[in-house]
Amino acid sequence: MKQITTISELRRELQLIRQEGKSIGLVPTMGYLHAGHLSLVEAAREACDAVVMSIFVNPLQFGPNEDFERYPRDLARDSKLAESAGVDFLFTPSVEEMYPQPILTKVSVGQVSEPLCGRNRPGHFDGVATVVSKLFHIVWPDKAFFGQKDAQQLAVIEQMVFDLSMPITVVGCPIVREADGLALSSRNVYLNEAERSQATVLYRSLQAAQQMLRGGETSVAAVRDLVIEMINDQPLAEIDYVEVVNYPSMSPVEEFRPGQQICIAVAVRFGRTRLIDNVITAI
C-alpha cells in the first residue's frame, strides 16, 4: 500500500494504473476505521483492480457547534487496517492540501438534501457534496463505495453523479452492525456504557416498524409513532428526528403504496453523541 498526501502524486500514480487498463474503486472516509469501512474495501476489491481509500475529516460538512475538532482520529491505526484490508493507495491529505485557500465553489444538491439531516444541519450536505465531488475529480474512479448507514448522504451523492453526468458508478453497501444491532460508527466511541446500552433501541425500533409494515399496517403515522415511543422509553435518548420518507427522493411518505421503496430514518442524541440509523424497505 502506498500512502499519499498530495493531489499531484495521487494523480500521477493513478494515471499509471489507467494506462494499464485497470479499473479504480474509491472508498471515501473520514477515518477512525471500523468493520463498516472495511466492508466497503472488500466490495471495492471484488469489483475493481485497484482500490483507493481517502481519509479526510472534511471541515466543510461540520457546523460551528459540531465535533470537527474532537472527531476521532488515529491515522497510524487506520493505515494498518487499510493495508490489511487490501487498500492499494491511502490518500491522507491535509486541510491545506484540499483547500489551499478559502473555497468559493460549492456543490449544492437540492430537494434530496433538504429534509432529515439537511433540515437540522444546515450546510452539511453542501459540504459533503463538495468534498466528494472534489475527490471524484482527483481520483476519477470507475466506482465509488458508500455505506447505507447514511442513506440520505448516499442519495445526495447518487443525485449529484446523475445530474452532473459523472462517469462513475455509486455503489451503496449494507449497514454493518454490532451483534446487538447498533450500527457501526466512528462516533460510537463517544458513548459511555449507559448511552451505549440504550442506543441499541435505534435498530430495535426500526425492526419493529418493519414488522408493522410486513403485518399490513397502512398508517404512516402509526409506524412513525411506534418508533418514537420506543426511543422515548430510553431516558438518555433525545430525538432529533424520526421520519418515513420515499427512497431515494427523500420526500415525505403520505401513504403506503404497493411497490413503493421507503426509508425509515432516525437521528437521536445520547449525551453529546448524535447517532443516525435507518432501514430501507419495499412495501
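1. The largest pocket is lined by 48 residues, of which Met30, Tyr71, Lys149, Asp150 and Arg187 lie nearest its centre, and its volume is about 1100 Å³. A pocket here is an open set of points on a 1 Å grid over the protein atoms alone, with protein on both sides within 12 Å along at least five of seven lines, whereas a cavity is a set where a 1.4 Å probe fits but cannot get out; lining residues have an atom within 4 Å of a point. Grid points are joined across faces, edges and corners, and a volume is the space filled by probe spheres set on the points.

2. This is a predicted model, in which local features need pLDDT of at least 70 and side-chain atom pairs count only at pLDDT 80 or more, while totals for chains, interfaces and linings use all residues. Residues are numbered from 1 along each chain as its sequence is written, and side-chain values use heavy atoms, with hydrogens and water left out.

3. Two or more residues of the lining of the largest pocket come from each of β2 (24-29), α2 (35-47), α6, β5 (143-147) and β9, and α6 has the largest share with five residues. Helices (H or I, at least four residues) and strands (E, at least two) are DSSP runs, numbered from the N terminus. By class, the lining of the largest pocket divides into 20 nonpolar, 17 polar and eleven charged residues, where Ala, Val, Leu, Ile, Met, Phe, Trp, Tyr, Cys and Pro count as nonpolar, Asp, Glu, Lys and Arg as charged, and the others, Gly among them, as polar.

4. The second largest pocket holds about 180 Å³ of space. Of its 14 lining residues, Ile55, Phe56, Val57, Arg73 and Leu75 are the closest to the centre, and the lining as a whole is made up of nine nonpolar, two polar and three charged residues.

5. Two cavities of 30 Å³ or more are present in the structure. The largest cavity, of about 70 Å³, has 14 lining residues, with Asp150, Ala151, Gln152, Tyr241 and Ala265 nearest its centre. At least two residues of this lining are supplied by each of α7 (151-163), β8 and β9, and its classes are nine nonpolar, two polar and three charged.

6. Which residues line the second largest cavity? They are Leu182, Ala183, Ser185, Asn188, Leu202, Leu275, Ile276 and Asp277, around a volume of about 30 Å³. Strand β9 gives the most to this lining, with three residues.

7. Six strands form an open sheet with parallel pairing, in the order β1-β4-β3-β2-β5-β6. Strands β1 (2-4) and β6 (169-173) stand at the edges with a single partner each, so one side of each has no neighbour in the sheet. Two strands count as paired if DSSP finds at least two bridges between them; β1 and β4 (residues 89-91) pair in the parallel sense over three bridges, and Lys2 stands opposite Phe89 in β4.

8. Helix α1 packs on this sheet, touching β1, β2, β3 (50-55) and β4, and its direction makes about 155° with that of β4. Helix α6 also packs on the sheet, touching β2, β3, β4 and β5, at about 150° to the direction of β2. Contact means heavy atoms within 4.5 Å, and axes are lines fitted to C-alpha atoms, for helices over the stretch in contact, with angles from 0 to 180 degrees between N-to-C directions.

9. Helices α1 (residues 7-19) and α6 (residues 124-139) pack at an angle of about 50°, with their axes 9 Å apart. The two helices are therefore oblique to each other, given that angles under 35 degrees count as roughly parallel, over 145 as roughly antiparallel, 65 to 115 as roughly perpendicular and the rest as oblique. Ile7, Leu10, Arg11, Leu14 and Arg18 of α1 make the contact with His137, Ile138 and Val139 of α6.

10. An open sheet of three strands has the order β7-β8-β9 and antiparallel pairing, with β7 (237-246) and β9 (273-282) as the edge strands. Strand β8 (residues 261-270) pairs with β9 over ten bridges, and Val266 has Asp277 in β9 as its bridge partner. Helix α9 (residues 201-214) lies across β8 and β9, running at about 20° to β9.
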